[in-house]
Amino acid sequence: MAKINQMIPEFKVEAFHNGEFKTVTSDDVKGKWSIFLFYPADFTFVCPTELEDMANQYEELQGLGVEVYSVSTDTHFVHKAWHDASDAISKIKFPMLGDPTGTITRGFDVMIEEEALALRGTFLANPEGIIKVAEIHDLGIGRSAKDMVRKVKAAQYVASHDGEVCPAAWEEGQKTLTPSLDLVGKI
């Protein structure tokens, strides 16, 4: 089960990326920040809106040293077909991981066993592969890639500023907090 401050699960899967099929492993994703964006299935309704939203934020995420991996229980072949058929999905430049066996989906504990589909799970892992953000939505509730960018910036800030924390709705450049006895009851 994927939890905060635990290592991402081990995996080896096929992906569709930049017009090609390639193998991606849990070791491949280490060394940089990674977002795992789980969604139920290709050729659906909310999913393409979320993936297009993430595609629109991808350049900024790349600038922050983050790679995005979308994951569904479809195969990499289905990902290619969807990429070729959908205007929204054709914008995707990040790897689309196929997980037909459910290895990654179960490893992150977002599998809907009765349907063999993934919940809408979003996970941010640091360069060491440690999960720092975990968010799971019901199927009918779409996510915001812009808010995920904000969470990436907060996680990176906290990682590089020992002893500081980011308050609610923190945006880059805003004031942070340094927890201490002096702050207790004063916020």
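Biologist: Which residue does Arg 106 meet in a salt bridge?

Modeller: A salt bridge here is a side-chain nitrogen of Lys or Arg within 4 Å of a carboxyl oxygen of Asp or Glu. The N to O distance in this pair is 2.9 Å. Arg 106 is partly exposed at 39% relative accessibility, on a scale where buried means under 20% relative accessible area, exposed over 50% and partly exposed in between (1.4 Å probe, protein chains only). The partner, partly exposed with a relative accessible area of 45%, is Glu 113.

Biologist: Before we go on, how should I read the numbering and the values?

Modeller: This is a predicted model, in which local features need pLDDT of at least 70 and side-chain atom pairs count only at pLDDT 80 or more, while totals for chains, interfaces and linings use all residues. Residues are numbered from 1 along each chain as its sequence is written, and side-chain values use heavy atoms, with hydrogens and water left out.

Biologist: Which helix holds both Asp 147 and Lys 151?

Modeller: Their side chains meet in a salt bridge, 3.5 Å from N to O. Asp 147 is partly exposed at 29% relative accessibility, whereas Lys 151 is buried at 16%. Helices are DSSP runs (H or I, at least four residues) and strands are runs of E (at least two), numbered from the N terminus. The two residues are four apart, about one turn of the helix, and that helix is α5.

Biologist: Which residue forms a salt bridge with Lys 153?

Modeller: The closest N and O atoms are 3.3 Å apart.

Biologist: How many salt bridges does a search of the whole structure find?

Modeller: Some of them form a network that links Glu 135, Asp 147, Arg 150 and Lys 151. For the whole structure, the count is 11.

Biologist: Which strands stand at the edges of the sheet?

Modeller: The sheet is open, with seven strands in the order β2-β1-β5-β4-β3-β8-β9 and mixed pairing; two strands pair if DSSP finds at least two bridges between them. Each edge strand has a single partner, so one side of each is left without a neighbour in the sheet. The edges are β2 (20–25) and β9 (131–137).

Biologist: In β9, which residue is the bridge partner of Ala 125?

Modeller: Strand β8 (residues 120–125) runs antiparallel to β9, and six bridges join them. The partner of Ala 125 is Ile 131.

Biologist: Which residues does Leu 61 touch?

Modeller: Contact means heavy atoms within 4.5 Å, and residues up to four places away in sequence are not counted here. The residues that Leu 61 touches are Ile 35, Met 54, Val 66, Val 68, Val 149 and Val 152.
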